Amino acid sequence: MSRNLERIVHLKGTPREIGVAAGRRLGKRLEENISHYIQRRPRTSEVLDEARLQSESIRLFRSLPARFQEELEGLAEGAGIPVQRVAEWIAVEQCVEARCSGFIDVIDGHAWVGRNNDFLIPEAFGFVAIKEINGRIPTIAFGMEGDVFAVSGINREQLWIHSQYLPVSDRPRPDRAHFPGYVILPEALETCSNIHDVEKLLDAVDRDTGEIWFVADGKTDEFALFECTCRDYVRRGPGEGMLCATNHTDSTEPDKISESSARRLERLIELVCSNAWEELPDNLIMVLADNSVEQRGEEYTTVESMVACPAEKKLWYTLGGYPAASNGNWERIDWPW
């Protein structure tokens, strides 16, 4: 089996059964991956230090919906490591903002999605998890090996969702359910069949950080952006047939718009508006790999990239390699349903 195929796992059962199976598959590599990931994360006064990470990780773990607690407990059991260690892995996710670029455009009558995830520790990314959880919509999620959560994915209903970091000044309401976006997104994939369902979920829970959600329904080719603060959101429609976003919106406070985000968005809009899309997915990949769109810094880089047409059940993803858009191992991901 090639290394690329080893990066794709297909699991079925209850959340705990899926977690146990994934943990057994990983074995001691899970602890190695967690240690490497936590050690590589930057530490500043604005993020969790080691002591706080240990003290708060179980609190976060116990606040999660039962479905995720069960899979994480199974993951720890299968790999033979303490639940505390898995809890630290998920807690450290809150420490650092991500920088991403994405677009949705209509090509030959169908919505196509392109997405760069710009983040830290690129060697940790480039894995695909196909999960069929009893009583829930089966999903395909992209990210780290063994990860229970996701910021990009699609479900059997052909509903695509991915999220991008958005700086905001508000906080979730203390009297209302709130979770990290990487928890809400897989919940959406496993329970939502259309964009209306996604909007209902965003109405029901607050986010711990600001996010931009790209949502495309392959059954209808409807698509939208949700610009989410912790408490509220604004829905943007397709407008002139395409939507682009990086890590700010028209309402973002000027001092919170990074030069990187502004530059990437300007170039992204230019490329999407001018492209004839004669060769798919190559043209889309070229947009993501553009010098002014892809991130190639020593710290932040494009860790994974993806292109999808939900209507046609077509998915391409970078199974390792970085910067991902220009140097990743692009492969077509087979649709399993």
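Phe226 makes contacts (heavy atoms within 4.5 Å) with Ile195, Val198, Glu199, Leu202, Glu211, Ile212, Trp213, Val215, Tyr233, Val234 and Arg235, with residues up to four places away in sequence not counted. The model is predicted: local features need pLDDT of at least 70, side-chain atom pairs count only at pLDDT 80 or more, and totals for chains, interfaces and linings use all residues. Residues are numbered from 1 along each chain as its sequence is written, and side-chain values use heavy atoms, with hydrogens and water left out.

Phe226 belongs to the largest nonpolar core, which has 59 residues. A nonpolar core is a set of buried Ala, Val, Leu, Ile, Met, Phe, Trp, Tyr and Cys residues joined through side-chain atoms within 4.5 Å. Buried means under 20% relative accessible area, exposed over 50%, and partly exposed in between (1.4 Å probe, protein chains only). Tyr37, Phe149, Ile161, Val198, Trp213 and Phe226 touch the most other members of this core. Helix H7 (residues 181–191) gives the most to the core, with six residues. Helices (H or I, at least four residues) and strands (E, at least two) are DSSP runs, numbered from the N terminus. Another core, of 24 residues, lies apart from the largest one; Ile154, Ala216, Leu225 and Leu315 are among its members.

The chain holds eleven helices and 16 strands. Its radius of gyration, taken over C-alpha atoms, is compared with a globule rule of 2.2 Å times the number of residues to the power 0.38. For 337 residues, a compact globule would have a value near 20 Å; the chain has 19 Å, which agrees. The C-alpha trace spans about 50 × 45 × 40 Å along its principal axes. Buried residues account for 58% of the 337. Of the contacts between residues at least 6 apart in sequence, 66% join residues at least 24 apart.

Two strands pair if DSSP finds at least two bridges between them. Axes are lines fitted to C-alpha atoms, for helices over the stretch in contact, and angles run from 0 to 180 degrees between N-to-C directions.

Within this sheet, strand E6 (residues 152–155) points Ser152 and Ile154 one way and Gly153 and Asn155 the other; all are buried. In a regular strand the side chains alternate between the two faces of the sheet. E6 pairs with strand E5 (residues 139–144) in the antiparallel sense over three bridges. Gly153 in E6 stands opposite Ala141. E6 also pairs with strand E7 (residues 159–166), again antiparallel over three bridges, and there Gly153 stands opposite Ile161. The E6–E7 hairpin has three residues between the strands, and Gln158 takes a positive phi near 65°. Strand E10 (residues 210–217) and strand E11 (residues 222–228) pair in the antiparallel sense over seven bridges. Glu211 stands opposite Cys228 in E11.

Six strands form an open antiparallel sheet in the order E13-E2-E3-E14-E15-E16. Strand E13 (242–245) and strand E16 (330–332) stand at the edges with a single partner strand each, so one side of each lacks a neighbour in the sheet. Here the twist averages 10° from one strand to the next. Three bridges join strand E15 (residues 314–318) to E16; Trp316 has Arg332 in E16 as its bridge partner. Helix H9 (residues 259–274) packs on the sheet and touches strand E2 (99–107), strand E3 (110–119) and E13. The direction of H9 makes about 160° with that of E13.
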